[in-house]
Amino acid sequence: MQNPESLPFVYLASRSPRRVELLNQLGVICESLPADIDETQLVGETPEKYVTRLAREKAQACLQHLTVEQKIHPVLAADTTVVLDGVVLGKPDDDIDARNMLIALSGSLHEVHTAVALAFNNQIEVVLSTTVVEMMTLTEEQIELYITSGEPRDKAGSYGIQGKAGAWIKRIEGSYSGVMGLPVFETAELLRKANLAVL
């Protein structure tokens, strides 16, 4: 069994337990240091540029709170957004907002963009994962039961593929872990560039 002290370590600019789990899956341990930034989309900003910018800004914000000694370790940040017909669907403000998003996504083909940023050696590198998701047509009862479960809160597009809503997803083209919030392949590629020992 590998000694935890010998495992790769990063600071994670997120409070997402799913991202922690996915990093652990790669054999990476992390300390969560959430970065609170303004997540307002800029006028004319495409969803791809928006999510990439937020990942970079989260990494930069986290870096600013590290001591010189802490900066020997990389900072990993990610941002995920759901896009329907070119419109970004962020985290719901409340149950009404979640209901409206789920009604819009019902029976849809939509995209999930997740950008991952890694800050190391005085540079920040960002990669983007895009997945096409097909959701079944939902009944009002399914939507109401899901909202009652509390799962839509704090999730882009008001659903999480790793939870109950996974039963609604007919197919995906792309990265399942990217829809969860951290594309494992792209993240591993970044970590290798920083000379972290991942498989």
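How many nonpolar, polar and charged residues are in the lining of the second largest pocket? The legends below take up this question and others.

This is a predicted model, in which local features need pLDDT of at least 70, side-chain atom pairs count only at pLDDT 80 or more, and totals for chains, interfaces and linings use all residues. Residues are numbered from 1 along each chain as its sequence is written, and side-chain values use heavy atoms, with hydrogens and water left out.

**Figure 1. The second largest pocket.** On a 1 Å grid over the protein atoms alone, a pocket is an open set of points where a 1.4 Å probe fits, with protein on both sides within 12 Å along at least five of seven lines; lining residues have an atom within 4 Å of a point. The second largest pocket holds about 280 Å³ of space, a volume being the space filled by probe spheres set on the points, which are joined across faces, edges and corners. Its lining has ten nonpolar, four polar and one charged residues. Here Ala, Val, Leu, Ile, Met, Phe, Trp, Tyr, Cys and Pro count as nonpolar, Asp, Glu, Lys and Arg as charged, and the others, Gly among them, as polar. Of the 15 lining residues, Lys 71, His 73, Ala 119, Phe 120 and Asn 121 lie nearest the centre. Strand S5 (109–120) and strand S6 (123–135) each supply at least two residues of this lining; strands (E, at least two residues) and helices (H or I, at least four) are DSSP runs, numbered from the N terminus.

**Figure 2. The largest pocket.** The space in the largest pocket is about 590 Å³. Its lining is made up of 33 residues, and nearest its centre lie Arg 19, Lys 58, Thr 80, Lys 91 and Asp 154. At least two lining residues come from each of helix H1 (17–25), helix H2 (47–63), strand S3 (75–84) and helix H5 (176–180). S3 gives the most, with four residues. By class, the lining has 15 nonpolar, eight polar and ten charged residues.

**Figure 3. Cys 30 and Cys 62.** A disulfide is a pair of cysteine sulfur atoms within 2.5 Å, and the count by this rule is zero. The sulfur of Cys 30 has its closest cysteine sulfur in Cys 62, 11 Å away, which is too far for a bond. Cys 30 is partly exposed because its relative accessibility is 21%, whereas Cys 62, at 2%, is buried. Buried means under 20% relative accessible area, exposed over 50%, and partly exposed in between (1.4 Å probe, protein chains only).

**Figure 4. Ile 29 in strand S2.** Ile 29 belongs to strand S2 (residues 29–32). With 30% relative accessibility, Ile 29 counts as partly exposed. Its C-alpha atom is separated by 22 Å from that of Glu 57, 28 residues apart along the chain.
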